[in-house]
Number of protein chains: 2
Amino acid sequence: MKNFYPIKFDIKNTIPKNLGRTGILKTPHGEIKTPAFVAVGTLASVKGLSPEDLHILGAQVVLGNTYHLYLQPGEDVVASAGGLGKFMNWQGPTMTDSGGFQVFSLGFAYKKGVSKVAKEAPTEAELEGKEENFSEHSSLVKIDDNGVTFKSHIDGSTHRFTPESSITIQEKLGADMIFAFDECTSPLAQKEYMKKAVARTHKWAKRCLDARTRDDQALFGIVQGGRYKDLREESAKYIASLPFEGFGIGGSFDKDDMKEVVELVNKILPEEKPRHMLGIGEVEDIFEGVQRGVDLFDCVLPTRLARHGVLFTKEGKYNIKKTTNKEKFEKVVKDCECYTCKNYTKAYLHHLHRSGEMLAHRLSSIHNLYFMMELMENIRRSIEQGNFAEFKKEFLERYKK
Amino acid sequence: MKNFYPIKFDIKNTIPKNLGRTGILKTPHGEIKTPAFVAVGTLASVKGLSPEDLHILGAQVVLGNTYHLYLQPGEDVVASAGGLGKFMNWQGPTMTDSGGFQVFSLGFAYKKGVSKVAKEAPTEAELEGKEENFSEHSSLVKIDDNGVTFKSHIDGSTHRFTPESSITIQEKLGADMIFAFDECTSPLAQKEYMKKAVARTHKWAKRCLDARTRDDQALFGIVQGGRYKDLREESAKYIASLPFEGFGIGGSFDKDDMKEVVELVNKILPEEKPRHMLGIGEVEDIFEGVQRGVDLFDCVLPTRLARHGVLFTKEGKYNIKKTTNKEKFEKVVKDCECYTCKNYTKAYLHHLHRSGEMLAHRLSSIHNLYFMMELMENIRRSIEQGNFAEFKKEFLERYKK
């Protein structure tokens with residue numbers, strides 16, 4: 001069997017009595033200090049930002065979405081360009097997801113505003129009769145044991161992903177770290193359905209490993225199981241037994257149980273390999289994830305909220321579009337050293353958002369991503385200095401105000 | 001009478017046997033090498049670009065639109081911020097137009113795609129009975145001798161500009177160079193109507209001079225008269241007789257007559273003061289304008305075309321959205337040294353435009369504005385070196401191919 005050593009992960013410091021740690025993740029395109037927040041560049045562009053913007057605000061790694069890039073411009077175009085990083089002129093490390101998440105987001109959840117993280121567990125009554133809404137037979141997606149057939153959200157054309165084709169596409173996209181193809185179910189999935197989905201994800205994980213051919217890409221296996229602890233445990237054990245270079249924790253959670261699920265999973269996953277929590281990006285969740293041994297997070301939240309005028313501050317989220325900002329000629333966010341806050345006022349950013357100017361999106365995205373990068377840096381420092389628990393407590397007390 | 005010396009204009013070189021010249025225009029916020037292209041930042045933002053982007057691509061001066069800024073965020077907000085430049089964090093020279101152009105663009109021409117420059121003069125038959133379409137009584141605009149009543153394109157609310165209020169608003173916006181309030185008619189206007197409009201513009205010019213109070217802003221008078229040479233001559237003579245610090249050539253032209261009209265007007269306007277051609281930005285027109293003594297041009301064309309994927313090249317306009325660019329991994333525009341061309345490929349820019357990514361607009365706008373700035377620099381150099389005629393001939397032969 002071929003050996004794959006595309007990445008190297010060195011753990012530096014740990015959080016006493018916890019699974020959390022800092023580390024250096026070495027990739028073919030540079031090092032990532034962990035825990036790290038991964039900027040999402042769905043279509044080979046972090047919306048509105050140049051690679052220089054990303055570098056200056058402290059981004060270390062960019063994730064592209066396989067589903068989107070497959071549809072537009074197509075993996076062959078990206079391959080001919082020399083891979084995702086070269087295509088978009090980002091010289092640092094890159095990742096791609098597997099496309100599996102679209103099974104969820106374009107199937108059950110498409111345009112329904114369903115989050116990966118349910119605030120409360122659905123009752124059996126709520127689940128009753130709803131299975132067809134999120135299972136194999138939603139309007140845009142059909143799942144079978146061999147793969148997923150789906151319709152393009154762009155033109156309605158029919159496409160199919162299998163574990164093998166997902167790997168082939170991701171090998172062409174050429175990111176440093178790629179993910180196994182999985183079935184990401186709805187937070188409303190009933191246990192019987194979830195069992196089937198987990199079994200499928202496990203078979204697909206093995207097939208992804210068998211399908212890979214590139215030795216300069218790390219392949220991450222994905223643990224599923226939703227909000228069911230026994231399924232999460234089963235999934236973590238199986239995925240951990242396979243020769244992946246890293247692991248993803250995917251799927252949906254209940255807000256209250258997320259901590260327990262992540263802890264359970266990370267106790268099982270091999271300590272020496274990096275762990276990525278997929279699509280999670282709320283500040284509270286990042287603290288809980290880091291504490292329980294998560295090394296990487298990716299989420300569109302900072303840039304998506306930015307485009308709606310919602311800015312991260314140490315006191316929580318702040319809506320710059322509020323009329324009260326119209327004549328506030330002060331720093332956008334006090335104590336922030338990002339490009340936006342150093343150069344513009346609340347009044348100007350308010351005006352740009354109210355007028356629908358593109359610069360509003362760029363300046364706000366720079367701020368929100370800088371906020372996340374600074375948060376991760378401070379988290380890493382607190383772990384190094386042995387005061388993570390204090391830093392977390394202090395930060396979250398202020399943030400929730 | 002109060003004296004106003006807000007700007008100083010030094011002519012450096014001239015084009016032999018022509019009115020064209022290079023110069024240095026000193027403003028309270030820095031010098032402008034002329035002839036210059038003014039970047040348009042309608043709502044205190046050159047769409048998608050930061051002040052740093054503008055500085056790097058060689059922009060010297062930014063123009064904001066009084067009509068738009070009056071509606072959003074309002075001139076008082078901009079004044080409280082310290083003026084247009086401070087509001088948008090642009091440290092160089094600034095201009096505002098008078099709002100008069102909106103009489104045209106929101107009256108007769110609104111959403112009708114009528115250009116300021118008519119390819120052919122309309123026939124009398126075409127004009128017959130159309131006066132009401134473009135005159136005092138269009139749906140959004142009503143003009144009387146004292147000013148203009150108009151409806152906001154944002155919310156339909158009713159507003160009124162007079163010469164005095166335009167100056168008051170522009171004084172609050174605080175640009176280095178401002179314009180007298182004028183009536184900018186349609187290229188389809190009949191002569192009888194045009195006479196009335198010119199007479200009104202003249203009275204308003206005088207009223208603008210009487211209304212001004214700030215001695216750190218240069219006020220430019222606007223010559224009107226459309227495609228009627230006798231009216232242009234009359235207008236140039238009258239406006240030239242007033243104590244403006246500079247002059248604008250406004251209104252509409254016939255494409256073929258534009259050269260003659262500009263030459264006629266600039267022979268009358270005092271040589272020692274700067275002349276601005278309002279809203280003109282096609283490459284051919286800039287060469288003709290410069291040759292005939294125009295010092296400043298402003299136009300949304302480079303940024304508007306950029307947002308539609310149309311790029312300036314030395315061979316003419318180029319549509320990056322063409323399918324043939326999908327796999328062209330070469331410089332966006334050969335021989336171009338702009339940020340976009342130095343860092344990205346045709347294939348990537350094609351992908352960004354096809355996907356509707358914001359970065360497409362920014363990268364394309366950077367290229368098109370750089371193209372204009374480089375063109376103006378080369379025009380200035382050719383005048384300095386005494387080979388403007390050769391440079392123009394060579395450039396336009398290649399450009400028109």
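**A pair of helices in chain A**

Tutor: In this predicted model, the axes of helix 11 (residues 258–268) of chain A and helix 12 (residues 283–291) of chain A come within 9 Å and cross at roughly 30°. Two packed helices are described by the angle between their axes and the distance between the axes. Angles under 35 degrees count as roughly parallel, and therefore helix 11 of chain A and helix 12 of chain A are roughly parallel to each other. Their crossing is right-handed. On the side of helix 11 of chain A, the residues that meet the partner are A:M258, A:K259 and A:V262. On the side of helix 12 of chain A, they are A:D285, A:E288 and A:G289. By type, the residues of this contact divide into 2 nonpolar, 1 polar and 3 charged.

A second pair in chain A can be described in the same terms. The axes of helix 15 (residues 346–355) of chain A and helix 16 (residues 358–384) of chain A come within 7 Å, and the crossing angle is roughly 130°. That angle makes helix 15 of chain A oblique to helix 16 of chain A. Here the crossing is left-handed. Helix 15 of chain A brings A:L349, A:L352 and A:H353 to the contact, and helix 16 of chain A brings A:L359, A:A360, A:L363 and A:S364. The residues of this contact divide into 5 nonpolar, 2 polar and no charged.

Now the chain around these pairs. Chain A has 17 helices and 18 strands. Of its 401 residues, 54% are buried. Among the contacts in chain A with a separation of 6 or more, 71% are between residues 24 or more positions apart.

In soluble globular proteins, nonpolar side chains tend to be buried together. In this model the largest nonpolar core has 207 residues, and A:V38 and B:V38 are those with the most contacts inside it. What is B:V38 in contact with, leaving aside its neighbours within four places in sequence? The list is B:V61, B:L63, B:M95, B:L296, B:F297 and B:D298.

The two chains also touch each other. The contact takes 30 residues from chain B and 30 residues from chain A. On the side of chain B that touches chain A, helix 3 (75–81), helix 4 (84–88), helix 15 (346–355) and helix 16 (358–384) of chain B each supply at least two residues. The largest share of that side, 6 residues, comes from helix 15 of chain B. By type, the residues of that side of chain B divide into 14 nonpolar, 11 polar and 5 charged.

Some of the loops need a separate look at their backbone. Most residues other than glycine have a negative phi, and most peptide bonds are trans. Two cis peptide bonds can be pointed out here. One joins A:T34 and A:P35, with omega about -5°. A:P35 has its place in the loop between strand 3 (30–34) and strand 4 (36–40) of chain A. Another cis peptide bond joins B:Q72 and B:P73, with omega about 10°. B:P73 sits in the loop between helix 2 (66–71) and helix 3 of chain B.

As for phi, A:D335 has a positive value of about 70° although it is not a glycine. A:D335 lies in the loop between strand 18 (316–319) and helix 14 (339–343) of chain A. This residue is exposed, because 8 other C-beta atoms lie within 10 Å and the cut-off for exposed is 12 or fewer. B:N89 also has a positive phi, near 65°, and is a residue other than glycine. B:N89 is found in the loop between helix 4 and strand 6 (94–96) of chain B. With 17 other C-beta atoms within 10 Å, B:N89 is partly exposed.

Last, a residue of chain B. B:F395 is found in helix 17 (residues 388–400) of chain B. B:F395 is partly exposed, with 18 other C-beta atoms within 10 Å. Its C-alpha atom is separated by 9.5 Å from that of B:L375, which is 20 residues apart from B:F395 along the chain.

Technical notes: Residues numbered from 1 in each chain as written. Chains lettered and ligands numbered in written order. Predicted model: local features only at pLDDT ≥ 70, side-chain atom pairs only at ≥ 80, totals over all residues. Core = buried A, V, L, I, M, F, W, Y, C linked by C-beta atoms within 7 Å. Buried ≥ 20, exposed ≤ 12 C-beta atoms within 10 Å, placed from the backbone. Contact = placed C-beta atoms within 7 Å. Helix = DSSP H or I, 4+ residues; strand = E, 2+ residues; numbered from the N terminus. Nonpolar A, V, L, I, M, F, W, Y, C, P; charged D, E, K, R; others polar. Axes fitted to C-alpha atoms, helices over the stretch in contact; angles between N-to-C directions. Parallel < 35°, antiparallel > 145°, perpendicular 65-115°, else oblique. Left-handed = near helix turned anticlockwise from the far one by under 90°.
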